[in-house]
Amino acid sequence: MFELKKLTNELTLVRLQTRLSGVLSYGTFVPLLGDVLIDSGFFRARRSLARALQAKPPQLIVHTHAHEDHIGNSAFLKAAFGIPVFAPKASLPILKNPSIMAHGAYRRLLWGVPDGLEANPLPDTLEAGKVRLMVIPTPGHAHDHVVFFEPERRWVFLGDLFLSAKVPCARPYENAMDLMDSLRRVIGLRPKFAFCYHKGVLSDPENALKAKLAFMEGLMEKILPLSEKGMDAATIARKVLGQDPWLMHAISRGDFSCVHLVRSFLRPPGEGYELPNIALF
Ligand SMILES: [Fe+2]
């Protein structure tokens, strides 16, 4: 299933959903800005995406990061439309061989596993027709994460930087210190509109991003002193965050967990992103 949300003459959001992702209230909003498709949805939605783009195929694809719900259809679209794909340099090995990422069973079921492809490294500023996008490094959610900033209208395409103001859990390979720095960097751009890959339009992005940063700083102020006293991550998680959100924890079999979030605060910047070369389940 897809839905086209035409926001302006230049910007359309393609909302993708499958039956299963609908049951889990999980959708994606893939932006098409001019001729540039920003990320490409998840593999299981490939037929919907192809239908959505039939009338006006993109001329190129850019990626915010290499999680499989963002790169799922790039190989397919590259072959179908003969278009180039650009991604952060650190994403390129994963795009070439997506199986090096740890795909848990729930991820394979919900999103599918993308085909590999050769992509080009993103420049610092990307120009395509009337579209000009600055590439802003924003690690934390993933080591390779970037956002795209359109400076004339102060639009920012957030990928998975935001997700929600209060995310009480994380996956194992995240770094909260990097994420907070990334939020500060994007808040400093004073964006007027922002587009979250899973929430859609954020009409007051500065305050939304500030609320997320405040939530994370509040957690940090609680977590670090407890860790300095010698408390382990699981005990800190129970004390500060309570129980894992049960549905998320059950479906992901612990991949999403409060303990992972606590650990993500205890890592130095730039660390903790190493992916095991195995399937988790
Ligand atoms: Fe992601």
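Which residues is Val-156 in contact with, leaving aside its neighbours within four places in sequence? The legends below start from the whole chain of this predicted model and return to that residue.

**Figure 1. Overall view of the protein chain, a predicted model.** The secondary structure comes to 11 helices and 13 strands. Along its principal axes the C-alpha trace spans about 60 × 40 × 30 Å. The radius of gyration is 18 Å; a compact globule of 281 residues would have a value near 19 Å, so the two agree. Of the 281 residues, 43% count as buried. Take the contacts between residues at least 6 apart in sequence: 67% of them join residues at least 24 apart.

**Figure 2. The largest nonpolar core.** This core has 70 residues. Those with the most contacts inside it are Ile-38, Leu-95, Val-147, Val-156, Leu-158 and Val-262.

**Figure 3. Surroundings of Val-156.** Here is the reply to the opening question. Leaving aside neighbours within four places in sequence, Val-156 is in contact with Val-147, Phe-149, Val-186, Leu-189, Pro-191, Ala-194 and Pro-205.

**Figure 4. Strand S11 (residues 155-159), mostly covered.** Of its 5 residues, 5 are buried.

**Figure 5. The S10–S11 hairpin.** Strand S10 (residues 146-150) pairs with S11 in the antiparallel sense, over 3 bridges. Phe-148 stands opposite Phe-157 in S11. The hairpin has 4 residues between its strands. In the turn, Arg-154 has a positive phi of about 55 degrees.

**Figure 6. S11 beside strand S12 (residues 193-196).** These strands pair in the parallel sense, over 4 bridges. Trp-155 stands opposite Phe-193 in S12. Together with helix H7, S11 and S12 make a β-α-β unit. The unit is right-handed.

**Figure 7. Helix H11 (residues 258-265), mostly covered.** Of its 8 residues, 8 are buried.

Key:
Residues are numbered from 1 along each chain as its sequence is written. This is a predicted model: local features need pLDDT of at least 70, side-chain atom pairs count only at pLDDT 80 or more; totals for chains, interfaces and linings use all residues. A nonpolar core is a set of buried Ala, Val, Leu, Ile, Met, Phe, Trp, Tyr and Cys residues joined through C-beta atoms within 7 Å. A residue is buried if 20 or more other C-beta atoms lie within 10 Å of its own, exposed if 12 or fewer, and partly exposed in between; C-beta atoms are placed from the backbone. Two residues are in contact if their C-beta atoms, placed from the backbone, lie within 7 Å. Helices (H or I, at least four residues) and strands (E, at least two) are DSSP runs, numbered from the N terminus. The radius of gyration is taken over C-alpha atoms; the globule rule is 2.2 Å times the number of residues to the power 0.38. Two strands pair if DSSP finds at least two bridges between them. A crossover is right-handed if, with the strands pointing away from the viewer, the path from the first strand over the helix to the second runs clockwise.
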